[in-house]
Amino acid sequence: MRNKTVLISGASIAGPALAYWLDRYGFNVTVVEKAPGLRPGGQAVDFKGRTHRTVLERMGVWEEIQRRRTGRFDTVYLDANGRELAVMTGEFTGGDVEILRGDVAAILYERTSGGCDYRFGDSITALAETADGVRAEFEHAAPQTFNLVVGADGIHSRVRRLAFGPERDYVRHLGYYYCVAGAPGFGHDARRPERLTARAWNAPGRMAARGGSKGSHLYLFASAELDCARGDVAAQRLLITELFAGMGGEVPSMLVELDHLGDFYLDAIAQVQMKGRYTSGRVALVGDAGYGNTLGGFGTGLAVVGAYVLAGELAVADGDHEAAYARYDEIMRRYAKIAGNSNAGRFMAPKTAWGIRGRNWLLGSRAFGLMMKYGDKAANDIDLADYPTMAEVGPEQS
Ligand SMILES: Cc1cc2nc3c(=O)[nH]c(=O)nc-3n(C[C@H](O)[C@H](O)[C@H](O)COP(=O)(O)OP(=O)(O)OC[C@H]3O[C@@H](n4cnc5c(N)ncnc54)[C@H](O)[C@@H]3O)c2cc1C
């Protein structure tokens, strides 16, 4: 086989999923992750439809994912007096199965750590392509040459920056920011005891939600790009407090609580736009690095399917990256379209009072059922090739 050594950057979902398949196909896999260890918890993510399920079954992890599922949350939109205005069902936001991102990462890591070399607390700093490989430099480890490099390092991918160019050329700000704080809160509402419920309040261009599967607080707001968006947490906390001051319902008490909540994270709602090319020379992108859309849904399913396709094409092409990458680009160009079609900010925090009323009406209408059907169709819009399964490749090596 050609190109046996593969370096993957990122150990969340896409990285370990790719490592899983490549390991079984006989590649030598190294995964470098900038965090000091596997990052636990995080927001809930979801899988939807038969395509995601088929890949997870072929990986032998579907049952485990079912066991660790969180349950789906309905989001109930309330007015300032606590009156129910609309309900966004958990089936829409949570797919067929919802599970913490960190739990998916842990399930995939458990199945790959024996066969792959995981290096935590390090990061690629430079990539230089040679005739038969890519020389990678690291923050800590000595430089090393690998046959192939894959960026699975999320929406702000460094591999994408090194191999394709600056983030501004590939990441489009969708006009909204989100902020999560605290661990996902798993609560019931007295009025809907049979369902898990998150409570949400809107003002034009803003939404605050308490007690859902993304974090114990979730804030969304419309904004052009912000200076304090990267890194300055104190400025970000102040911004949320100022922006949401004056909103009704439970928002004032949320803002008091926010001061004491950890796991605070604020980022733009953004979409990665690679213009249909997820590969360059010997480098490929998988998951959010190549086709992410924050909160746009399907990100985790796309990451798992993308990893399956990339590894499968490399195996079928006997390691010939030019042939495999061309097929991967072609297949994902179509399937990843799903990530290019939505802006969750616009739906969850419409910019006008009319927009909010229209969204609430839509949630209760038959048109919403059609929207859900469209989502189901898009999640399955791929002819999943029958790459060699685990049984054909041989027993698990880890
Ligand atoms: C608030 C929120 C809610 C979401 N809700 C959903 C949902 O309901 N459903 C859904 O399907 N998806 C959801 N997503 C998206 C989902 O989390 C991602 O699509 C999914 O995690 C993709 O995984 P990934 O492995 O490609 O990227 P990520 O999960 O972003 O992982 C990237 C990894 O790379 C590492 N890394 C980053 N930079 C470097 C570097 N320089 N060197 C080494 N390592 C690096 C990071 O530490 C991380 O471990 C949500 C995302 C957010 C932010």
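**Sheets, helices and ligand surroundings of the model**

In strand 7, R119 is the bridge partner of V32. This residue pair belongs to the parallel pairing of strand 2 (residues 28–33) with strand 7, which extends over four bridges (helices, H or I of at least four residues, and strands, E of at least two, are DSSP runs numbered from the N terminus; strands pair if DSSP finds at least two bridges between them).

The model is predicted, and local features need pLDDT of at least 70, side-chain atom pairs pLDDT 80 or more, while totals for chains, interfaces and linings use all residues. Residues are numbered from 1 along each chain as its sequence is written, and side-chain values use heavy atoms, without hydrogens and water.

Strand 1 runs parallel to strand 11, and four bridges join them. Within this pairing, S9 has G151 of strand 11 as its bridge partner. Strand 11 is also parallel to strand 19 (residues 283–285), to which three bridges join it. V149 stands opposite V283 in strand 19. In a regular strand the side chains alternate between the two faces of the sheet. Strand 11 is covered on both faces, with L148 and V150 buried on one side and V149 and G151 buried on the other (buried: under 20% relative accessible area, 1.4 Å probe, protein chains only; exposed: over 50%; partly exposed: in between).

A second open sheet consists of three strands in the order 8-9-10, with antiparallel pairing. Its edges are formed by strand 8 (124–129) and strand 10 (144–146); each of these has a single partner strand, so one side of each is left without a neighbour in the sheet. On average, neighbouring strands of this sheet are turned by 30 degrees against each other, direction ignored. Strand 8 and strand 9 (residues 134–138) run antiparallel and are joined by five bridges. E137 in strand 9 is the bridge partner of A126.

V76 lies in strand 4 (residues 73–78). V76 is buried, with a relative accessible area of 3%. V76 and M88 are separated by 12 residues in sequence, and their C-alpha atoms are 6.4 Å apart in space.

Helix 11 (residues 321–335) comprises 15 residues and reaches 20 Å from its first C-alpha to its last. Its N-terminal end is capped by D320, of which a side-chain oxygen lies 3.0 Å from the backbone nitrogen of E322 (polar contact: N or O atoms within 3.5 Å; within protein, one able to donate a hydrogen and the other to accept it, and residues adjacent in sequence counted only if both atoms are side-chain atoms). The buried residues of helix 11 are H321, A324, Y325, Y328, D329, I331, M332 and Y335.

The ligand is surrounded by 30 residues, and the closest are S12, E33, D46, K214 and D288 (near: a heavy atom within 4 Å of the molecule or strand). An N or O atom in the side chain of S12 is 2.7 Å from a ligand oxygen atom. For the side chain of E33, the distance from an N or O atom to an oxygen atom of the ligand is 2.6 Å. T300 has a polar side-chain atom 3.0 Å from an oxygen atom of the ligand.

Key
Expected span 1.5 Å × (residues − 1). Axes fitted to C-alpha atoms, helices over the stretch in contact; angles between N-to-C directions.
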